[in-house]
Structure formats: structure tokens, C-alpha cells
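Please look through the sequence and the structure below before reading on. The briefing that follows takes up a pocket, the cavities and a pair of packed helices in turn.

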Amino acid sequence: MSLLAISALQKSFRTPDGERKLIVDVAEFSLAPGQQLALRGESGSGKTTFLHLIAGILAADSGSIRLGGRDMAALGESARDRLRAETIGYIFQTFNLLQGYSCLENVMLGMAFGGGSNRAHATAMLERVGLAQRLRHYPRQLSTGQQQRVAVARALANRPALVLADEPTGNLDHRNAREALALIRQTCRENGAALLLVSHDPEVLGAFEDVRDFAVLNRALQEAGS
Amino acid sequence: MTLALIILRSLRQHLLSTVITALSIALAGGLLMSVWVVKVQSQATFTQVNTGFDAVLGARGSKLQLVLNAIFHLEASPGNLAAADFEFIRRHPAVKLAIPIAVGDNLRGFRIVGTVPELFTAVEYAPGKKFALSSGSLFNPVAKEAVLGSFAAQRLGLHTGDTFHPFHGLIYDERNQHAETYLVTGVLAPSNTPADKVVWVPLHGLQTMAGHDPRAASDVSAVLIQLRSPAAGFMLDMMYNKQGNRLTFAFPIGAIMAELFNKIGWFDQVLTLIAYLVALVSAGGVLVAIYNSMAARRRDIAILRALGAHRRTIFGAIVLEAATIGLLGMLAGFAAYAGILTAVAAIIRAQTGVLLNAWTYNPVMLWAPLGMIGLCALGGLLPAWKAYRTDIAENLAPVS
């Protein structure tokens, strides 16, 4: 039984010329519970759009995205928001931490719109990523590596079934990138969450046993290239 | 809880604009409440102040001028009336009590009013309240003695046992000093009536002050009257005002003062309109402050949406943030109100002796804050709509 099952998924955008351009065209894709998969793809290949579709941030033109038995593509925006809050953790390349909130508040907000905030669990998550002494610090007071760790804690705080990671090490140096990647994979395992990571970095991709090429998966790229 | 956190953090992130906007709301709200309360309280107070009398009899002229002069000790006297006129009204069967007063002198700007001791012993200036002395005793009606109203004594720095020289005329001019020396025999306890700002002397003393026309030595400026019944007032009104042509009978005092407020009602309306406009501009300030910060907020909004916040949650947070600025502003507005009203009440007290009851509850203290908060929430609708329409994907750059 798949945690995530995608079929005939298409998404297009209108160009400045007024034409519709197909960005994502994925015939079949699936992810098992607890599976960790890396998608290889270059910048501009539609990887982020693909993740946004899975997360329900964007609505698909057609196709289905079944997540834990529910079709994200068929839901209204409000229901997609709720499903995302309850079942998905999202780690961004630029961390996307809220600058006006402390580390603890950032993590608590990661839980707020799903199951509800739990200060003790948020604290435990920050302790897990090695930031027990930084609960009341603000993102600007942290190093980039520490900021990404807060983002990891936030993404996993709501015990999501699926973690989406979009170039999560893109803004980190080698050492921090390695540590962050190990942390993401380890905390996902500990929480029983599946991980879908997209990257163009060979070092990151090399750490995964299971890697797929997004250029092969996304037929829109093949059509554009032919 | 989450919504409160989002609102508080946003207010803190935009602290300067929050404080400035809240202060402008405080000023607007304070002004609105002050204008309203001063209007209502002054009207209520001045139409009720009659210092225990039903009517005033004086020389032919304006009833309002007569009341302002004899009751509030403002304005010039419209003229004198003869001793025979005073005796006639004093003995009239419809009149319960008639107290003569004479004006024409001052003590460094405070009016000197000549009267009889019965004003202090026989009259209740408000139901159940008679004038009382905080120190000393009443003046001897045939001596050069004086009793000072509490406010006048405080401002003049005079105490029982002190002496002074009166000055001629109602306006203080140091060249017009009378030679007579008066002894302060007592100071009245505060009554919060115009009597507090008066220097009271015996009627005879003022009438015969050196330099005053000896031919008018037995004249009085006005007669303060208590009637046996309201019907008697209408009868005397007919007798003096309709059938006679020498004197004016001002009755009822409250209605005459109400007329004054009707005449200056346009001024209240202008002030109220200004206060409303200031309130509207302040609410507009909330709109501008939040709207201008929307560009900086888009990324935060997109992040919150990515974390699962609904559009309506974001919309509500912005509207509530605007309302919270209004709430904070109105909390400070009560301080502004207290400051403005204290100053206005002090000015009115200095000018009239009447103390406005500024702290009495007035419905404006409820509807003005609620209205202001509502206006601010309305001002938050446009930026909230903009926040509502924020595209998540566009604002979660970069895209790979």
C-alpha cells in the first residue's frame, strides 16, 4: 500500500505571451510509508512545482495525488491546507523560518494548523536537533546550519507521514550539508515519516540508495526537449 | 492561541508603525470622548446650576445676560434696579425669599459681590446643601468685611484675618484701587458652584464704596428669587416681561441656560465633526500602516500558508491585528481623555467656578472605543484582502 500515489498529474502555467506551458506531466509515481527517495533534477525542471502539487500548495490541472488514501488533487483549497498541515512536513532550501518568531515558536507553528501546538513536543524536537539551548533565540541569531536544523524540527514536529525536502542543503556548506542531510534522514526514520527529497547536488543524491531522475519522470521535460 | 501569537508577533515586528498608529488613535479617541463628555456634562451642569434660586429680577435687558451676571458671575450687569423694586418683589406673596446682590468691583480679577448674610444661612445652593465656612465666620452686614469663595481665596492667596483693597470695575486695573480696606472674616468651603470664585462683601458696603454714584447707593444689581410655586414664576414673568417695561424677570433659569446651549449648538457640532474626522483619518492610518507593510509580510504569510494556515486564518489575523491596534489606541485614548478633560475642567472651573463631573459614566465611553475598534477593523479589511490573495508558491522563492 502506497503512502503517496500519483497518476496522470499535469500542471501548466500561462506564459507572459498568454500561452499555456506544461510544467509537470507525471504519469505514475508512488512512495511507500517510511520510504526515502531522492529525485535528481536541474534548476527549472519543475521539481518545486511537483513538490508544491504534492503538498497541495498548488492545484493540479488534472490527475490524482492520493496521500494516505485521500486525493489531494480533488480537494478544495481549504481541505488541502488541512491535509498538508496534518500529514506533510516541508523543508525548504532557504529554510523559510519566520524571522519575528523564536525557534520554539517556529516549531510550534509547524504543529498549530494540524494537530495543535504542543510546547513540550516542540521543545523535544529542538532538543533532538541539538538546539536545546536555542529555544528562545531568533533565526537571525543562529548560523545557517542551525537555522536548517530548526526547519527540520518544524517539518517533523507534527509527526507527518511525508516529509518533502526541496534542495534542503542548497544554502549550506559541505560540512553543514552533510550533517543536515543525515539529520533529516535520521529524524524521518525515527518518526516513521517517508522522505521525498529533490536535489541537483551529486553528493546529496549519492547518500540515497533510492534515486530517480526527475527528467525521466516528468514527461513535460521530454516534450520540451524533443 | 495561534492567532494571538501571529497578531502579537506582527505587532512587534512593526512596532514603530504600531505605536505611532495607536497614538494617533488614542488622540482621536480621547478627543472624541472629551468633546462629547464636555458637551453633555457642561450642558447638564450649567442648566442645573441655579445656586438654589428659581428666578432673577434685574434691569430691562437680556434674560441670559441677567442669569450669567447674577448666577454665574460672568458678563456685565444689564443695569440696576431701585430699592423700591427690590422691596416690592421681596414682599410679593408669590416670593418665598429674595436676596439682593450688587456688583461693580473686583479683587485682582475676582468679582466682588455685595449681598446679605441670608444668602449663606437661608439658601440651599443644591438640594440639602447650604454654604458652609471652611474657616472664620460670616461678615458683619454693616462692617467692611468679606467672605471669600474657596477658589477665589486659593487663587488670591488670602486667608481669614487678611485684608485687601477692592478695585473698581469688573475688570482688574491696578490704577482703580479703592481706598477702603476689607477684612477677610471667613472662607467658604468648596461648593463647586460659581459662588466659589466670588469675593462676598456686605451689600451696603459695596453700594457705598468711595467713587460709586451716591445717587445709586440704595440700588441693587439684581435680585435672586426663590418662588413659592412654579406657577408663581409664570405669573411674575407675565407681570414683568409682558406687561411691564422697566425690569426683566429671568425664569426659569435652567431653560434660559438651555437656550444658550442651543445658540452655541453649532459649535458643538463643528467640534464633534472634527473629532469624527480625526477618528476616520486615524482608522485610515491603520489601513495605510498595514497596507504599506504588506510587501514585507508576504513571505511570512506564504510560510504560514505553507504550514497549513487557511486563507481565512490569514485574513482574520490581519483584521484582528488592525482591531488590536484600535484597542491599544483606545486604552491609551482613555489616558488622553483624562488629560484633555482634566485640562478643560480646570479651565471651566477657573472661568465659572463650576466643576464638571468628568468621571461620571457616559455612553460615549463605551461606543467610542467600540466604534474606533470597529473602524480600525474595517481599515484592516483591504490589507487583509491583499493578504488573503497572497500566492504561496510565488512567495516561497527560490524555485528549483
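Which helices of chain B each supply at least two residues of the lining of the largest pocket? In this predicted model, they are α2 (15–48), α9 (253–263), α10 (265–292) and α12 (311–352) of chain B.

**The largest pocket**
- About 530 Å³ of space lies in the largest pocket, and its lining is made up of 22 residues, among which Val38(B), Ser42(B), Phe261(B), Ile264(B) and Ile348(B) lie nearest the centre.
- Sorted by class, the lining of the largest pocket holds 16 nonpolar, four polar and two charged residues.

**The cavities**
- The structure holds three cavities of 30 Å³ or more, and the largest cavity has a volume of about 90 Å³.
- Residues of both chains line the largest cavity, including Arg84(A), Tyr90(A), Asn158(A), Ala306(B) and Leu307(B), while the largest share of this lining, three residues, comes from β6(A).
- The second largest cavity has a volume of about 70 Å³, and its lining, which includes Phe53(B), His73(B) and Trp200(B), has nine nonpolar, two polar and no charged residues.

**A pair of packed helices**
- Helix α3 (residues 103–112) of chain A packs against helix α1 (residues 2–13) of chain B at an angle of about 140°, with the axes 11 Å apart, which makes α3(A) oblique to α1(B).
- The crossing of these two helices, α3(A) and α1(B), is left-handed.
- In this contact, Glu105(A), Leu109(A) and Ala112(A) of α3(A) meet Thr2(B), Leu5(B), Ile6(B) and Arg9(B) of α1(B), and the residues divide into four nonpolar, one polar and two charged.

Terms used
Residues numbered from 1 in each chain as written. Chains lettered and ligands numbered in written order. Predicted model: local features only at pLDDT ≥ 70, side-chain atom pairs only at ≥ 80, totals over all residues. Heavy atoms only, no water. Axes fitted to C-alpha atoms, helices over the stretch in contact; angles between N-to-C directions. Helix = DSSP H or I, 4+ residues; strand = E, 2+ residues; numbered from the N terminus. Parallel < 35°, antiparallel > 145°, perpendicular 65-115°, else oblique. Left-handed = near helix turned anticlockwise from the far one by under 90°. Contact = heavy atoms within 4.5 Å. Nonpolar A, V, L, I, M, F, W, Y, C, P; charged D, E, K, R; others polar. 1 Å grid on protein atoms, 1.4 Å probe; cavity = no way out; pocket = protein on both sides within 12 Å on 5 of 7 lines; lining within 4 Å. Points joined across faces, edges and corners; volume = space filled by probe spheres on them.
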